[in-house]
Amino acid sequence: MEISTTKQFDLHRRMVRIRLFEEAAGRLAEANRLPGFLHLYVGEEAVASGVCGALNDDDHITSTHRGHGHLVAKGGDFNRMMAELMGKATGYCKGKGGSMHISDTSLGMLGANGIVGAGSPIAVGAAFANRYRGRGQVAVAFFGDGSTNIGAFHEAANMACALHLPIVFACENNEYGEFTPRHKTMAITDIVDRAAGYGMPGVIVDGMDVIAVHEAAVEAVERARQGGGPSLIEAKTYRYYNHHGIQNLGLKYRPDEEVATWKQRDPIFTFEDRMIENGVATREKVDEIWAELRQDIETAIQFADDSPYPTPDQIMVDVYTKSSTTIGTKS
Amino acid sequence: MTRTASIVGMIVNPNAGKDIRRLVTPATHTSDVTKVGIVRRAIVAAFESGASKVLLMPDNHRLAERASDRIKGDIEVLDMPLSGSRFDTIAAAHVFCQAQVGAVIALGGDGTSRDVAIGWPDAPLIAISTGTNNVFPSAIDGTSAGAAAAFVASGAVCLSVVARRSKKVVVKIDDRDKSLDDLALVDLAFINSMFVGARAVRDPHTVHAVISCVATPASTGLSSIAGRIHPVGRWETGGVFVRLGAGGRKVRVPLAPGSFTTMEIAEVRRLGEGEKISLSGKTVLAFDGERDLPVSAFGTVTAHIEATGPLLIDVEQTLVLAAQALMFDETARHISEGNHVY
């Protein structure tokens, strides 16, 4: 499968948007300008970009507590995202959700989730609905390696396979569950070894290589869309920042050398080098893309700064849905 | 033949048998538990059959430690830095050579055996398939492999009787200011692609040419192309060159397990041993079935086939000879130095 020039630029743009948004968010958090927690996706850009680049606009994804990258990759609006992180009324959740509940259902992004492992069952529900409605939509559950030790993941995988649903399980194996290395919490190394236990195929890809991720995602999504059922993609990846986005906290749960080694395989820079080597892009063109998107980030920060906070009378608005139907009765 | 010890070396590639082909074909998934089981059986059988020591390559999955857990015997997991890549196999094979290992068991695909051959060109090798389109390694149980390795390592069965020198594709890449030497044990393919990506070669339209030193219709993957029009056996001299393109025979080929495609053959010709072939221009080189190395438009790749590959041990023949020499009798269980019979 050869990746077109247009698609290469598309994947590159998704990754650069994530990198710039996340690094800007990190700087704002360190300056105490963002309330709440922040978990940055820097280093893992190839996974969300490679997968979301294989989806249609109306396909669904569920996310994790490290969810900004997924929303950006699905086409999230910088202004509304930055406003949400700042708790402003113009944000995606009107400033009341923050980083870990950010979502845009119009883009099929069904939400980040502060509960580890909680996204996978939601994706199964979306997949069930998609098949029921027969519109050919696919759902993708993004989740981390640590969440596969949670019951919700196992129930989701089992139900998806038992019902042969159009879903892709996209595991971002970054080797750490918060501050704990993977080998201290599970006896296996490859999450993909769990796939066969539910009766679905599973594959490992280099999560620092957007083309490798995209190739697998295209196949998995097409398989799901054509009625082939669930599959699991395990992307071996790494987050450059700590579990959350604040640097220089003196946390010593992983060696600096390890971080440096992974950074040598940076998904964006290595991809840019290949694009230039292949004659698809020039350094000048790449620099233009970065400059353009940096400007978008500055615009988003300004938009968020200029936006109002939600007023106290809005505190209960959108918290509970207004039910228009009651089960067993006509609306 | 004199040996100071009967050492068997074992390498298990933790990454084999899990790539994208499980998604697009019915290829087998080989779990870590499966690999650990094979190695564990091999270790037990090696000690049962006279090995004095087992050396294991460490790996990021800790398969070596898990496979050797609670087995009595002189077992050593090499103390070496890990990269988590194929370079661990290359380094371990080199250490095995230095340590005068008598036989190496390698679990993986064609690429794993290739890496052993890079680290130790003359390795006495039993290659067990845990990969995808495996031509060089075979489906051998660890029990049989461990026993055969021990008989060879101890000298009880003579290596020169049960092992044959395999072939390899010797590759030289000149690309601008870089010059690289490499090898393949089955095939070298020229792929019209921009990226290494998910590594496996899946799109038949991207295959430009293949140089195979082993090409059998009983295989799957790139070597099966030549295998279905001009077979070349493992022990025949030389190999075969195939160029894909319009105008020739159209052949049905299993490019992956359980997955058939039509490939159009523009050129096929026999390659004699040592006969050089050069191709220039932009390509991605696939060694033993996996995209591995991009070559620029200024690059030239020169390759030839020669019989300087690893010494491939025939497990069945080894065990037959051992049986004929009564080595499985209770009284022969402790095979001593110099007690070899062939």
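Six salt bridges run between chain B and chain A, a salt bridge being a side-chain nitrogen of Lys or Arg within 4 Å of a carboxyl oxygen of Asp or Glu. This is a predicted model, where local features need pLDDT of at least 70, side-chain atom pairs count only at pLDDT 80 or more, and totals for chains, interfaces and linings use all residues. Residues are numbered from 1 along each chain as its sequence is written, chains are lettered from A in the order in which they are written, and side-chain values use heavy atoms, with hydrogens and water left out.

Let us look at two of these links. Arg291(B) pairs with Glu215(A), at 3.1 Å from N to O. Asp193(A) also reaches across, with its closest N and O atoms 3.1 Å from those of Lys18(B). Asp193(A) sits in the loop between strand 5 and strand 6 of chain A, while Lys18(B) belongs to the loop between strand 1 (7-12) and helix 1 of chain B, so this pair joins two chains. Helices (H or I, at least four residues) and strands (E, at least two) are DSSP runs, numbered from the N terminus. Both Asp193(A) and Lys18(B) are buried, where buried means under 20% relative accessible area, exposed over 50%, and partly exposed in between (1.4 Å probe, protein chains only).

Now for the wider interface. Here 27 residues of chain B are in contact with 27 residues of chain A, contact meaning heavy atoms within 4.5 Å. The two chains bury about 2,300 Å² between them, 52% of it on carbon and sulfur atoms; this is the accessible area (1.4 Å probe) that two parts lose on being put together, summed over both. On the chain B side, Leu23(B), Met194(B) and Phe195(B) lose the most area to chain A, together 31% of what that side buries.

Lys236(A) is in strand 7 (residues 231-236) of chain A and Asp190(A) in the loop between strand 5 (180-181) and strand 6 (202-206), 46 residues apart. Lys236(A) is buried at 18% relative accessible area, and Asp190(A) is buried at 0%.

In chain B, Arg21(B) and Asp19(B) meet at 2.5 Å, N to O, and both are buried. They belong to a network of salt bridges that also includes Arg22(B), Arg114(B), Asp182(B), Arg199(B), Glu290(B) and Asp292(B).
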